[in-house]
Amino acid sequence: MRLMIQIGVLTLTSLLFMGCSVIKEVKPWEKETLAKPIMQFEGLHPEVRKFESHVYFSKEATRGGNGVSGGGCGCN
Amino acid sequence: MQLKNSYIKISKVTAFAIVASQALYAENYVAVEYLQYDENENRVSVSAPTLSASYDIGTDYTIKGDIVFDAVSGATPTWQPDTTSGASKRDNSGDYTYKNQEFDETRTAASLMLTTRFENRDELNTGVDISRESDFYGNTLSVEYLHYTDASHNQSINVGLSYSANEILSYDYDTASGASTKETSTSINVQAGVSQVLSESSLIKAEAFAISDDGYLTNPHALVVRDYNTADQKLTNENRPDTRVAYGANLKYITLLNDDISYKVNYRFYTDDWDINSHTIENDVYYAMNKQFTFGVGLRYYTQTEAEFYNGSKDYFTNQEFASSDERLSDFDAFTYKASVDFKQNDKISYNLGGAFYSQSTGLDATMITTGIKYRY
């Protein structure tokens, strides 16, 4: 499993550096694709995403990285 | 040729108007979502109907809110007297067993967020979250500022801060009455990040965060065994440190693989001074088959190391100040497998159905079903 993590980190790091080297200036009228619902980081339904985050928050010992809003609960 | 050039110019202006309108006029909507969560071995079940809405006030303000009612029932594992060995509940005369302890709980949580857009289209998000349970009251205030660093809005930086104040009822297992005491905790969450458009069809976002918890951070329902097999053996409340400082980073990337398929990957690293480190990798693929149907699949992998004061055995703890047998603080891995389908009936109404299977190496398995309807206006 550590191999999977290492591959994932390597892939993302590569993407980051590739991205830095291939950043293209995109004009506002070229952003139709980026505005598509399937291109949103929070997915198609933010409320479903919020529910999943709450499950992970209550069943795992770590949190953070998904914005600063949101409260706690007595579940852990 | 002149006609063709004019057509291209008009098309560009039209496309710009579409994108600008999507950016400036987020849709108004009301959504109802029903969420069902069930664990294996008749452990926790949660039914959670949710109502959410978003409304634009002109072009400079958007207000969003949601309210969820959780009905939680079932059981959660902790150390208990082993009644099969003849032990009564509190005299510590018999053996102990790690088994499910039944409970019922209801929770109401609500959030409200106001987005303010300035003349340069920078955004300020201010929010409030509340959570109410019979033994937990939580209030959170948050503020986040997003600044575009270029005229084309291809790069932005964001900084956020939240403050939470909680009240927790703790139950003293050592007293026969199980008397409760009101405890408090606070949490400060700071986050900063940068987002960069890489091309017409790819975007990357990197964020760092820090969280500082202070106060009563113990699980009021979890118990540990101390001094097992001695004259002083006893079952008592677990005890965690009253401070916790965590740091982490999040890296997200999304791209369009072809006209209809998007791929998103998210990696998060987390570390804290309880000695817990975690790695999370999430992958999501969406396929917009046509204007009506969109399918999604996802795979999440999570792994964490155990807290320095965790031990799952009944014969480990003696006089250590901090002790917990809560398996959520243990060393484990977890996978989540997800699938979803969205059906857009028309421009106003859409339906969604999703399912997920969550499996921990601790033996915990759970299913999550979500279904809902959204009305746009």
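**Reading the strands, the contact and the cores**

Mentor: B:Thr108 stands opposite B:Arg132 in S5(B). Please keep in mind throughout that this is a predicted model.

Trainee: Which strand pairs with S5(B), and over how many bridges?

Mentor: Pairing is read from the bridges between two strands and from the sense in which they run. Here S4(B) and S5(B), the latter spanning residues 123–133, are antiparallel partners with 11 bridges. Five residues separate the strands of this hairpin, and B:Arg121 has a positive phi there, near 70 degrees.

Trainee: How many bridges join S3 to S4 of chain B?

Mentor: Strand S3 (residues 61–81) and strand S4 (residues 96–117) of chain B are joined by 21 bridges and run antiparallel. Within this pairing, B:Thr78 has B:Lys99 of S4(B) as its bridge partner.

Trainee: How should I place these strands within the chain as a whole?

Mentor: One begins with the count of elements and the overall extent. Chain B contains 18 strands and one helix, and its C-alpha atoms occupy a box of roughly 100 × 35 × 30 Å along the principal axes. Of its 377 residues, 32% count as buried. Among the chain B contacts with a separation of 6 or more, 54% link residues 24 or more positions apart.

Trainee: How many residues does each chain bring to the contact between A and B?

Mentor: The size of an interface is often expressed as the accessible area lost when the parts come together. Here one may read residue counts: chain A contributes 49 residues and chain B contributes 95 residues. On the side of chain A, helix H1 (2–21) and helix H2 (46–59) are the elements that give two or more residues. The largest share, eight residues, comes from H1(A). By class, this side of chain A has 24 nonpolar, 15 polar and 10 charged residues.

Trainee: Which residues have the most contacts inside the largest nonpolar core?

Mentor: A core is read from its members and then from the elements that supply them. This one has 14 residues, and those with the most contacts inside it are B:Tyr37, B:Val46, B:Ala334, B:Tyr358, B:Ala366 and B:Met368. At least two residues each come from H2 of chain A and from strands S1 (29–39), S16 (332–344), S17 (349–360) and S18 (365–376) of chain B. Beyond its neighbours within four places in sequence, B:Ala334 is in contact with A:Glu60, B:Tyr302, B:Tyr358, B:Ser359 and B:Gln360. Another core, of nine residues, lies apart from the largest one and includes B:Tyr96, B:Leu223, B:Val224 and B:Leu235.

Note on methods. Residues are numbered from 1 along each chain as its sequence is written. Chains are lettered from A and ligands numbered from 1 in the order in which they are written. This is a predicted model: local features need pLDDT of at least 70, side-chain atom pairs count only at pLDDT 80 or more; totals for chains, interfaces and linings use all residues. Two strands pair if DSSP finds at least two bridges between them. Helices (H or I, at least four residues) and strands (E, at least two) are DSSP runs, numbered from the N terminus. Two residues are in contact if their C-beta atoms, placed from the backbone, lie within 7 Å. Ala, Val, Leu, Ile, Met, Phe, Trp, Tyr, Cys and Pro count as nonpolar, Asp, Glu, Lys and Arg as charged, and the others, Gly among them, as polar. A nonpolar core is a set of buried Ala, Val, Leu, Ile, Met, Phe, Trp, Tyr and Cys residues joined through C-beta atoms within 7 Å. A residue is buried if 20 or more other C-beta atoms lie within 10 Å of its own, exposed if 12 or fewer, and partly exposed in between; C-beta atoms are placed from the backbone.
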